[in-house]
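Dear colleague,

I am handing over the structure we spoke about, with the sequence alongside. Please keep it open while you read the notes below.

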Amino acid sequence: MKINTTGEILVLIYDNFMLNTFKTNSPFNYILILIIFLIFWGYKIIYVPTDIESYPIISPLLPDFPESFFFNRLQTFLGLIVYFIIAFLIIKINSDLFIVENGYQSPGVIFALLTGYYINNQRITGVLLGSMFLFLTFSRIFKSINDYKAYGNFFNAGLFWGLGILFYPKLIVMFPIIVISMFMIRTVLWREPLFFLSGFLIPILYYFAFYFFKSDYTHAVFEVRGLFYNAVIPVAKSYLTFQYLIFVPQLLIILIAVISRFTIKKSSKVSSRRFLTVITLITVFILAYLVSHLAELEAVIIIYPFISILLSYMFINLKEKTAKIFIGIFVLTIIFTHVLQIYYYSRIF
């Protein structure tokens, strides 16, 4: 094949990169994930702009970090580690359960790209840790699909959900979709919800017991009240113009991924189709939560693990030319919103 121009060379590199990244599984993809993180986290790591939020994010287990040069960078590096762990977990769950059958590592790569959308989320927060435990909750439910008695998986699912709530109390609103997922994945035995409830209560009871053992009963009462109050308190959202430009592209990408799940006709394992259907419902439920008055702007990261799987399914199963177009649009929206935020931060700081 004869290549005459630099543009044709770039197109060839782009085409091969897309094919190798999303349709093959290679140790290089883990390096690629790290490279993507470093590219889209570079500005945050170097300059550490002040986080823009008009409301506190309550996290009972995560302490408030002092505002200083050291602690600001510590939050960023800890957040980067947690994000990398989540990317690895997504790949592990996808490969174990064959959710996206032809690209086990692609959801992890897409997840890394998604973290470039919102610079304010590039740090460790209760929402981030809560989203990790929520994903683990659903992963345990998914892994129970072939169990006759899934007591262990249901107990662990409840345990992870309880831990997630202690980091981000508003995860309590996920209860309906968690229950729906249980019954969609498999036939639930009557004892299994009891194991789920037991797992859920253990971290919650340990948390409150800590204050009782300290004989600080008044503090314990306030902690109980505060945990449930913060789970349902609405957020007085105040969107800046540039924040609309950040979140509207994400909303469009999410809607395209959800629609593609129903428009792409591909024969696959029964379990894979069931997982994808449940993940689609989870995505829609979380999206409804995100646009409600309960969710903070930072809560968008809750949807990232699930949307990364749907996007991976879409990119891999679309026709090659169409897939390249959508991947290009996806990456360009991330670059656009990222550059827009850097420009905004550079103007105000």
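Contact, as used throughout this message, means heavy atoms within 4.5 Å. With that in mind, residues 24 or more positions apart account for 83% of the contacts in the protein chain with a separation of 6 or more.

Some notes on the source come next. This is a predicted model, in which local features need pLDDT of at least 70 and side-chain atom pairs count only at pLDDT 80 or more, while totals for chains, interfaces and linings use all residues. Residues are numbered from 1 along each chain as its sequence is written, and side-chain values use heavy atoms, with hydrogens and water left out.

The protein chain has 13 helices and 0 strands, where helices (H or I, at least four residues) and strands (E, at least two) are DSSP runs numbered from the N terminus. Of its 349 residues, 52% count as buried; buried means under 20% relative accessible area, exposed over 50%, and partly exposed in between, with a 1.4 Å probe and protein chains only.

Leaving aside residues up to four places away in sequence, I99 touches I93, N94, F142, S272, F275, L276, I279 and I309.

F98 sits in the loop between α3 (69–97) and α4 (106–114), and its phi is near 55°, a positive value in a residue other than glycine. Most residues other than glycine have a negative phi. At 32% relative accessibility, F98 counts as partly exposed.

Helix α10 (residues 241–263) and helix α13 (residues 320–348) have axes (lines fitted to C-alpha atoms over the stretch in contact, with angles from 0 to 180 degrees between N-to-C directions) that come within 9 Å and cross at roughly 165°. The two are therefore roughly antiparallel to each other, a term for angles over 145 degrees. Residues making the contact include F242, L245 and I246 of α10, and F326, F330 and T333 of α13.

Finally, T280 lies in helix α11 (residues 270–290) and is buried, with a relative accessible area of 2%. Not counting residues up to four places away in sequence, T280 touches V258, R261, F262 and L310.

Conventions:
Parallel < 35°, antiparallel > 145°, perpendicular 65-115°, else oblique.
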